[in-house]
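Please look at the sequence and the structure shown here before reading on.

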Amino acid sequence: MYNYNRATKRIIELINANFDERDYICVPTFTPANSPKTEDELDNMIKNFIRRVNDYKKRRGLARSLYVYVRECSVYKTGIRKGQPNPHCHIIIQGRGIDRDTIKKLWHAGHISVDEYDPDTFGPEAFCKYIRKDPQGKKNYVCAKGLKQPVVKNKDGRVGRKAVERMGTIHVDDKEYWERRYPGYRFIRCFSRFNKYNSHWYVSVVMFKNKPKQTPKAAGKGGRR
């Protein structure tokens, strides 16, 4: 479980550092004739798909799309393929110059759902926990070369044990408290956990940095009125 949680945290940090609302979450599916039998086959199909996306962008002078995808290698539990491997994946990929319909056309092995990534309503922690939810499946992730590495910040000073306990009990859903404590950030959600073995509270809070306000440009001579 420790390694699972660390891997999940790692993906969350990478997504926070590299992806925003201009990007897409893709879930490809396969026709029976194209269904991969192994992880290697799955990797080849996904990387060929991403190569087609980047070839499309290159021809138009656009920067290549970076990505993270998570492989899930479970087995069929029912049906005629019961017991056979069922490798599949979930992808988050940069858009920025390519639209959803074009991405769909570039997937050649079946159907693919392509949804706009909205970190405010379905943040990276929810995405990562969803795609890694089945503990029986063997899962790992593949990252594009060139992703920005997350900036690891120092801890927020020394927070006393009693203060952490108040955070984990009284202030879990206290939006005003968290936004006062961290001005310039918007509260999304907070998780707290009590460890009965060491009698300590552990608190994680998810916040998004506020976007700078757009100031309208003054109209010059001959501008629209």
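## Aromatic pairs

The structure holds six aromatic pairs. Rings of Phe, Tyr and Trp (its six-membered ring) count as a pair if their centres lie within 6.5 Å; planes under 30 degrees apart are called stacked, over 60 edge-to-face, and the rest tilted. One of the pairs is formed by Phe 30 and Trp 107, which are edge-to-face at 5.5 Å centre to centre, with 70° between the planes. Phe 30 lies in the loop between β1 and α2 and Trp 107 in the loop between α3 and β4 (112-116), so the pair ties together parts that are 77 residues apart in sequence. Helices (H or I, at least four residues) and strands (E, at least two) are DSSP runs, numbered from the N terminus.

Phe 30 is buried, and Trp 107 is buried too. Here buried means under 20% relative accessible area, exposed means over 50%, and partly exposed is in between, with a 1.4 Å probe and protein chains only. The rings of Phe 49 and Trp 107 have centres 5.5 Å apart and planes at 90°, so this pair is edge-to-face. Phe 49 is in helix α2 and Trp 107 in the loop between α3 and β4, 58 residues apart, and the pair links these distant parts of the chain. Both Phe 49 and Trp 107 are buried. Together, Phe 30, Phe 49 and Trp 107 form one aromatic cluster.

The charged end of Arg 60 sits over the ring of Tyr 56, 3.7 Å from the ring centre. This requires NZ of Lys or CZ of Arg to be within 6 Å of the ring centre and within 35 degrees of the ring normal.

## How the model is read

This is a predicted model, in which local features need pLDDT of at least 70 and side-chain atom pairs count only at pLDDT 80 or more, while totals for chains, interfaces and linings use all residues. Residues are numbered from 1 along each chain as its sequence is written, and side-chain values use heavy atoms, with hydrogens and water left out.

## Salt bridges

How many salt bridges does the structure hold? There are eight salt bridges, each being a side-chain nitrogen of Lys or Arg within 4 Å of a carboxyl oxygen of Asp or Glu. The table gives some of them.

| Pair | N to O distance |
|---|---|
| Asp 20 and Arg 96 | 3.7 Å |
| Arg 51 and Asp 55 | 3.4 Å |
| Glu 179 and Lys 175 | 3.1 Å |

Asp 20 and Arg 96 meet in a salt bridge. Asp 20 lies in the loop between α1 and β1 and Arg 96 in the loop between β3 (85-93) and α3 (100-105), so the pair ties together parts that are 76 residues apart in sequence. Asp 20 is partly exposed at 21% relative accessibility, and Arg 96 is partly exposed at 29%.

The other two pairs in the table lie within helices. Arg 51 and Asp 55 are both in helix α2 (residues 39-59), four residues apart, about one turn of the helix. Arg 51 is partly exposed at 42% relative accessibility, and Asp 55 is partly exposed at 30%. Glu 179 and Lys 175 are both in helix α6 (residues 175-181), also four residues apart, about one turn of the helix. Glu 179 has a relative accessible area of 23% and Lys 175 one of 43%. Salt bridges that share partners join Asp 20, Arg 22, Asp 23 and Arg 96 into one network.

## Asp 23

Is Asp 23 buried or exposed? Asp 23 is buried, with a relative accessible area of 0%. Its place is the loop between α1 (2-18) and β1 (24-28). A polar atom of the Asp 23 side chain lies 2.9 Å from the backbone nitrogen of Gly 95. Apart from neighbours within four places in sequence, Asp 23 is in contact (heavy atoms within 4.5 Å) with residues including Asn 18, Ile 93, Arg 96 and Tyr 117.

## A strand pairing

Strand β6 (residues 185-195) and strand β7 (residues 200-209) run antiparallel and are joined by ten bridges. Two strands pair if DSSP finds at least two bridges between them. Phe 194 stands opposite Trp 201 in β7. The two strands β6 and β7 form a hairpin with four residues between them, and Ser 199 in the turn has a positive phi of about 60°.

Conventions. A polar contact is a pair of N or O atoms within 3.5 Å; within protein, one must be able to donate a hydrogen and the other to accept it, and residues adjacent in sequence count only if both atoms are side-chain atoms.
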